Amino acid sequence: MATHQLRLDPLTGRWVVVAEQRRWRPQALALSSERGPDDPSRPCPFCPGNEEETPPALETYGPNGSWRVRVVPNLYPAFNEHEPMVSTTHGPVFTSAPASGIHEVLVLSPDHEATWGTLELEQVHVVMAAIRDRIEAHAHTPAIRYSQVIVNQGREAGASMAHPHAQLLGISFVPRELADEQAGFARFVGGCLLCNTIVLEESIGERLVASTDYAVVIAPYWAAGPFELLVVPRHHSAHLHLAAQETLFAVGDAIRDGLARLRTRLGPVAYNVVFHSSPYRAFGQFHWHAHIVAKLSTRAGFEMGTGVPINVVAPEVAARVLAGEAPNQAAS
Ligand code: AMP
Ligand code: ZN
Ligand code: ZN
């Protein structure tokens with residue numbers, strides 16, 4: 001068997017990645033939420049001075065001799081090599097394809113203790129510029145059809161490394177979540193679904209958490225879990241990497257603001273940030289955005305069995321808790 005394989009679940013039509021090598025990444029199978037992601041017996045490979053512990057950087061940003069943001073290939077990739085998406089059937093039930101693609105780690109700051117919510121604004125802008133540059137590189141790679149940018153912060157959110165980082169995964173197929181969102185945009189009659197959402201949420205006001213000239217943060221009407229947030233740029237663009245610089249930076253700032261609010265109002269919760277941008281070479285309606293999902297609940301049997309989430313904190317309540325004066329970012 002190839003070390004990285006996609007297998008089709010014929011019950012749901014979803015692809016599953018089987019990547020045995022990833023089992024050997026540090027703390028990959030640590031289960032206890034009590035144990036933080038730091039392992040004191042190993043130096044942090046993402047800290048300045050330990051650059052040899054990672055594969056050579058793909059990009060570094062910052063003054064000569066030091067760096068502010070560093071992008072490296074993931075040492076334990078879930079996807080690698082650049083083969084086109086060719087699926088093979090093995091009889092009537094089993095279907096596989098190579099799990100080819102790009103898996104990169106983007107170190108958000110030289111500071112081991114930082115989080116996106118505590119970064120200086122200037123640093124957030126370097127991070128967003130780095131994300132844009134890498135996505136642009138993925139967009140020009142023929143076998144790559146979609147790139148997923150994620151941040152895992154905290155053990156409960158799946159982080160295996162404590163040092164603040166994001167991951168970029170360029171993959172050879174359009175995943176279900178994206179296909180579902182594409183279908184949502186296509187279903188909506190009357191312009192862009194998210195452009196309309198911004199207008200409505202601003203006029204209603206009760207789910208608006210923060211807004212600037214370039215981006216809004218809302219607790220969406222359809223939030224699937226407590227304190228789930230949606231960050232939407234005002235300017236309509238399908239692709240993150242084609243957004244104007246001021247929009248790009250403003251979305252980074254809005255994410256920082258949302259995370260700082262969560263931290264101030266709820267404490268140091270684990271969270272995921274996931275960016276959604278249109279798949280490459282897709283021409284349907286899309287409006288790029290980011291979801292902030294605080295890890296405050298567990299997917300239990302009903303959610304697993306049905307795919308129907310039960311949210312015990314209404315988004316109107318979450319927005320009331322989070323809105324108001326911006327918290328002191330430096331203290332969060
Ligand atoms: P997370 O699991 O969200 O904490 O992301 C950390 C990622 O860093 C994982 O996907 C690991 O495979 C990857 N990783 C761990 N150690 C290294 C290393 N020394 N160099 C590059 N990537 C690493
Ligand atoms: Zn570190
Ligand atoms: Zn989305």
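Cys 44 counts as buried, at 14% relative accessibility; buried means under 20% relative accessible area, exposed over 50%, partly exposed in between, with a 1.4 Å probe and protein chains only.

Some ground rules. This is a predicted model, where local features need pLDDT of at least 70, side-chain atom pairs count only at pLDDT 80 or more, and totals for chains, interfaces and linings use all residues. Residues are numbered from 1 along each chain as its sequence is written, chains are lettered from A and ligands numbered from 1 in the order in which they are written, and side-chain values use heavy atoms, with hydrogens and water left out.

Now, what coordinates the zinc ion (ligand 2)? Cys 44 (SG), Cys 47 (SG), His 112 (ND1) and His 163 (ND1) do, at 2.0 to 2.3 Å. Donors are N, O and S atoms within 2.8 Å of the metal (3.2 Å for Na, K and Ca); water is not among the atoms, so sites may look incomplete. The site is tetrahedral, with angles of 106 to 120° among its 4 donor atoms. The sequence spacing of the donor residues is C-x2-C-x64-H-x50-H. Cys 47 sits in the loop between strand 2 and strand 3 (59–61), and His 112 in the loop between strand 7 (101–107) and helix 1 (121–139), so the pair ties together parts 65 residues apart in sequence. Helices (H or I, at least four residues) and strands (E, at least two) are DSSP runs, numbered from the N terminus. Cys 47 is buried, at 17% relative accessibility. His 112 is buried as well, at 17%.

His 289 and His 291 are buried.

How many disulfides are there? The count is 0, taking a disulfide as a pair of cysteine sulfur atoms within 2.5 Å. Cys 195 is in none; the nearest cysteine sulfur, that of Cys 192, is 3.9 Å away. Cys 195 is partly exposed, with a relative accessible area of 25%.

Two strands pair if DSSP finds at least two bridges between them. Strand 1 (residues 4–9) pairs with strand 2 over 6 bridges. Asp 9 stands opposite Arg 14 in strand 2.

Definitions and conventions:
Four donors count as tetrahedral if all angles lie between 85 and 135 degrees; four count as square planar and six as octahedral if opposite donors are over 155 degrees apart and all others between 65 and 115; anything else is irregular.
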